[in-house]
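I wanted to go through this model element by element and keep a record of what I looked up. The sequence and structure come before my entries.

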Amino acid sequence: MDKIQWFDELAWGLSERGWISFDAAPWFGVDLLRSLQDEIMLLDQNDALKRAGVGRGIAPIRDRSIRRDKIAWLQGVSEPQVALFGLLESLRMELNQRLFLGLRRFEAHYATYHSGDFYKAHVDSFQGRASRIVSLVLYLNDDWKPLDGGELQVFNRENPNEVCGLVLPEKGRVALFMSEEIRHEVLEAHRTRYSLACWFRQDVIPLPLSALL
Ligand code: OGA
Ligand code: MN
């Protein structure tokens, strides 16, 4: 499949169903996937990921009954992150061309779920706030088995109580979905689960006050 057909298919999945899952290895390349995997495993070993919060505002609540993952924001500076940001930027533009979403930027973090960790059913954006528009999750695990748990459970756009897909967090697999419309849940993992989540946003970065003075 050439690149044009590839992006057509992603856009089609987002508009028709609200989500799509695919193997990014042909697009990202196996070397980049391995470098990203090395990076998150090293961060995890060094205890450099921090407990994630839920909710909006400047003081997210760290509610362990809702989510238990640990995260580290990507700065786009290391070699694999520069390559990744280039690919995400091309995806941003290709989606804008096809779906007129007006995506202006993206943010991304690594996440680890250790054994016993989960993230209860949620959507990634609050209806009407139009901040996070499209979510992308890239998985970075070798030989993930169904018995390892930790699948991403996706709910039906038309019926948010009906499960319509289960994505195994195997290296190179990607889940791409509409942030406000698709309810999803990370089932309890039974071994360490590595992933990278990215959100394409419509808003711009607020300027620091000092830039206005
Ligand atoms: C999230 C999320 C899904 C996953 O970070 O908001 O839903 O499969 N992640 O890691
Ligand atoms: Mn989510």
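**Conventions.** I am working with a predicted model, in which local features need pLDDT of at least 70 and side-chain atom pairs count only at pLDDT 80 or more, while totals for chains, interfaces and linings use all residues. Residues are numbered from 1 along each chain as its sequence is written, chains are lettered from A and ligands numbered from 1 in the order in which they are written, and side-chain values use heavy atoms, with hydrogens and water left out.

**The sheet.** I looked up the strand order first, taking helices (H or I, at least four residues) and strands (E, at least two) as DSSP runs numbered from the N terminus, and counting two strands as paired if DSSP finds at least two bridges between them. I found an open sheet of seven strands in the order β1-β9-β6-β11-β4-β3-β2, with antiparallel pairing. β1 (19-23) and β2 (50-51) stand at the edges, each with a single partner strand, so one side of each is left without a neighbour in the sheet.

I then followed β4 to its two neighbours in that order. With strand β3 (residues 70-73), β4 pairs in the antiparallel sense over four bridges; here tryptophan 73 stands opposite histidine 109, and alanine 72 has tyrosine 110 as its bridge partner. With strand β11 (residues 193-201), β4 pairs in the antiparallel sense over nine bridges, and on this side tyrosine 110 has leucine 196 as its bridge partner.

How many residues of β4 are buried? Nine of the nine residues of β4 are buried, so the strand is largely enclosed by the rest of the structure. Both faces are covered, with Arg105, Glu107, His109, Ala111 and Tyr113 on one side and Phe106, Ala108, Tyr110 and Thr112 on the other.

**The manganese ion.** Which protein residues are donors of the manganese ion (ligand 2)? Donors are N, O and S atoms within 2.8 Å of the metal (3.2 Å for Na, K and Ca), and water is not among the atoms, so sites may look incomplete. I found His122 (NE2), Asp124 (OD) and His184 (NE2), lying 2.1 to 2.2 Å from the ion, with the sequence spacing H-x1-D-x59-H. Histidine 122 lies in strand β5 and histidine 184 in strand β10 (residues 184-186), so the pair ties together parts that are 62 residues apart in sequence.

Histidine 184 counts as buried, at 4% relative accessibility, and histidine 122 is buried too. The side chain of histidine 184 makes a polar contact with that of aspartate 124 at 3.1 Å; a polar contact is a pair of N or O atoms within 3.5 Å, where within protein one must be able to donate a hydrogen and the other to accept it, and residues adjacent in sequence count only if both atoms are side-chain atoms.

**Aspartate 117.** I found this residue in the loop between β4 (105-113) and β5 (119-122). Aspartate 117 is buried yet has no salt bridge, and the nearest side chain of opposite charge, arginine 64, is 4.8 Å away. For this I counted Lys and Arg as positive and Asp and Glu as negative, leaving out His and the chain ends, and took a salt bridge as a side-chain nitrogen of Lys or Arg within 4 Å of a carboxyl oxygen of Asp or Glu. The side chain of aspartate 117 does reach the backbone nitrogen of histidine 114, at 2.8 Å. Beyond its neighbours within four places in sequence, aspartate 117 is in contact (heavy atoms within 4.5 Å) with Arg68, Thr112, Leu187, Glu188 and Ala189.

**Glycine 150.** This residue is in the loop between β6 (132-139) and β7 (152-155) and counts as buried at 0% relative accessibility. Its contacts outside four places in sequence include Leu187, Glu188 and Ala189.

**Positive phi.** Most residues other than glycine have a negative phi. I noted phenylalanine 100, with phi near 50°, in the loop between α4 (79-99) and β4, and exposed with a relative accessible area of 71%. Aspartate 143 has phi near 50°, lies in the loop between β6 and β7, and counts as exposed at 53% relative accessibility.

Definitions and conventions
Buried < 20%, exposed > 50% of the residue type's maximum accessible area, 1.4 Å probe, protein only.
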